[in-house]
Amino acid sequence: MTSSFKALKLAQEQIADLDLQLLKRTLRVTQSPCDTKIILGGRDLRAFCSNDYLGLANHPDLVNALADGGKKYGVGSGASHLISGHSVAHELLEKKLASFQEKYIPKARALFFSTGYLANLAAITGLARLTQRGDLSIYSAKLNHASLIDGVRLASAQMDATVNLFDHTQLISLTDALKKDTKSLKLIVTDGVFSMDGDLAPVKELLQIAEQHDALLMVDDAHGFGVLGKKGYGILEQENIQSDRIIYIGTLGKAAGVSGAFVCAQDSFIEWLVQKGRPYIYSTATPPAIAHTLLKSLEIIESDEGVKRRTQLNQLIKIWQDEMTFSEWKKVSSCTPIQPVILGSNASALMAAKLLDQAGYWIPAIRPPTVAPGSARLRITFSANHSADDLRKLITTLKKIEQEVHQKAMHD
Ligand SMILES: *Cc1c(COP(=O)(O)O)cnc(C)c1O
């Protein structure tokens, strides 16, 4: 048997296996811009599943900024940042991003990346490469995003970093492990807002622990940037914490509505990433027109319009907390626009998603390995473009579907 034949056969078998376990995923092709109404397969659906929390992904001012950026800068950057791809648009964007965090991180400087996945790989492996092999301990929250997990794994493989997982709701084990730790560099890594549950990391307590045990604190605020804080600067603004130990990561394809991410930390660490961060160095710079568009997005985020959009989001969250009740399914307490409903089995989650689709809603089932086995769920997300009426209609539909799924499960 040739290798290529063998590989194909293995792939087919394993895909069939995923299908049997109800874990096979399907791509669905949208035919309209990302917004609260989406055209899918020629049908109009109301979407409650994107991370476009502020409703900026199809904002006319940003659409214009992108066109304007294309005219000004062309469409491609042509090279990595250190060769010739670093444009004045990137430079302005990084200055503006740093200004958002300067109250919380002294001497803050920001570095722009094409994706959050890449930013996390670069930040974690970059830190690891500051030490001798085997001289770094990483403490990583169990429910961290896959890109943080992969960054930690890569740091562990490249630099022999020790990895400890901790439960962000039970910090005592973290403190105990740190007490015994003799490594010269220690890093605590956490999501700011946990992406599948919507709860916040206890960043104040984590910072205190980091200070007591001389560790650095990396916060991936992918779901908090633009959403949390009065000005939308994110979790550091909301919790009002300040430290030179913080390495902050924000992404720009979620609330900011466009694409990309950034690492913000003290100037010297950022300069080290420019010098030695392989995912930064060996990747073509994002088109400058995107950076130009993001400048407009940041302007909206901190403006009165941004405040209005966050107020609308908070109103939706309050309606959900007050009015959504289930008899069988489990609602998780979350004060962010991420509101999961835990159904448990993959079959129930898939059935609920299908019934929602038939009722005109797009809310996909989230299954392992994205979430723990037995905790398959509907991950419902709000956008500032949803009205209170949109949400109340969804609540009525969900209550009906819960009964339907429950009755079908009883018959099986
Ligand atoms: C989405 C996400 C990322 C990845 O960001 P991209 O820009 O989409 O690559 C990283 N961390 C968290 C917590 C996320 O939710």
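1. Let's start with the sheet. Seven strands make up an open sheet, running in the order S3-S9-S8-S7-S6-S4-S5, and the pairing is mixed. The edges belong to strand S3 (108–113) and strand S5 (162–166); each has a single partner strand, so one side of each is left without a neighbour in the sheet. From one strand to the next, the twist averages 20°. Keep in mind throughout that this is a predicted model.

2. Two of the strand pairs are worth a look. Strand S6 (residues 185–191) and strand S7 (residues 216–220) run parallel and are joined by five bridges. If you want a residue pair to find your place, take Thr 190, whose bridge partner in S7 is Val 219.

3. The other pair sits at the S5 edge of the sheet. Strand S4 (residues 136–141) and S5 also run parallel, with five bridges joining them. Here Ile 138 has Val 163 of S5 as its bridge partner. To get from S4 to S5 the chain passes through helix H6 (residues 146–159), and this β-α-β crossover is right-handed.

4. Asp 160 lies in the loop between H6 and S5. Its phi is positive, about 60°, although Asp 160 is not a glycine.

5. Now for the helix packing. Two packed helices are described by the angle between their axes and the distance between the axes. For helix H5 (residues 116–128) and H6, the axes come within 8 Å and cross at roughly 30°. Angles under 35 degrees count as roughly parallel, and H5 and H6 are therefore roughly parallel to each other. The crossing in which H5 passes H6 is right-handed.

6. Who does the touching there? On the H5 side the contact residues are Tyr 117, Asn 120, Leu 121, Ile 124, Thr 125 and Ala 128. H6 brings Ser 147, Leu 148, Asp 150, Gly 151, Val 152, Leu 154, Ala 155, Gln 158 and Met 159. Sorted by class, the H5 contact with H6 has nine nonpolar, five polar and one charged residues.

7. Helix H13 (residues 304–323) and helix H15 (residues 388–411) have axes that come within 10 Å and cross at roughly 25°. That angle makes H13 roughly parallel to H15, and their crossing is right-handed. From H13, the contact uses Gln 312, Leu 316, Ile 319, Trp 320 and Glu 323. H15 answers with Ala 388, Leu 391, Arg 392, Ile 395, Leu 398 and Lys 399. The class count for H13 with H15 is seven nonpolar, one polar and three charged residues.

8. H13 has another partner in helix H12 (residues 288–302): the axes of H12 and H13 come within 4 Å and cross at roughly 65°. H12 and H13 are therefore roughly perpendicular to each other. Ile 300, Ile 301 and Glu 302 of H12 meet Asp 304, Glu 305, Gly 306, Val 307 and Arg 310 of H13. In this contact of H12 with H13, three residues are nonpolar, one is polar and four are charged.

9. Between Pro 368 and Pro 369 the peptide bond is cis, and omega is near 5°. Look for Pro 369 in the loop between strand S13 (365–366) and strand S14 (376–381).

Conventions:
Residues are numbered from 1 along each chain as its sequence is written. This is a predicted model: local features need pLDDT of at least 70, side-chain atom pairs count only at pLDDT 80 or more; totals for chains, interfaces and linings use all residues. Side-chain values use heavy atoms; hydrogens and water are left out. Two strands pair if DSSP finds at least two bridges between them. Axes are lines fitted to C-alpha atoms, for helices over the stretch in contact, and angles run from 0 to 180 degrees between N-to-C directions. A crossover is right-handed if, with the strands pointing away from the viewer, the path from the first strand over the helix to the second runs clockwise. Angles under 35 degrees count as roughly parallel, over 145 as roughly antiparallel, 65 to 115 as roughly perpendicular and the rest as oblique. A crossing is left-handed if the near helix is turned anticlockwise from the far one by less than a right angle, and right-handed if clockwise. Contact means heavy atoms within 4.5 Å. Ala, Val, Leu, Ile, Met, Phe, Trp, Tyr, Cys and Pro count as nonpolar, Asp, Glu, Lys and Arg as charged, and the others, Gly among them, as polar.
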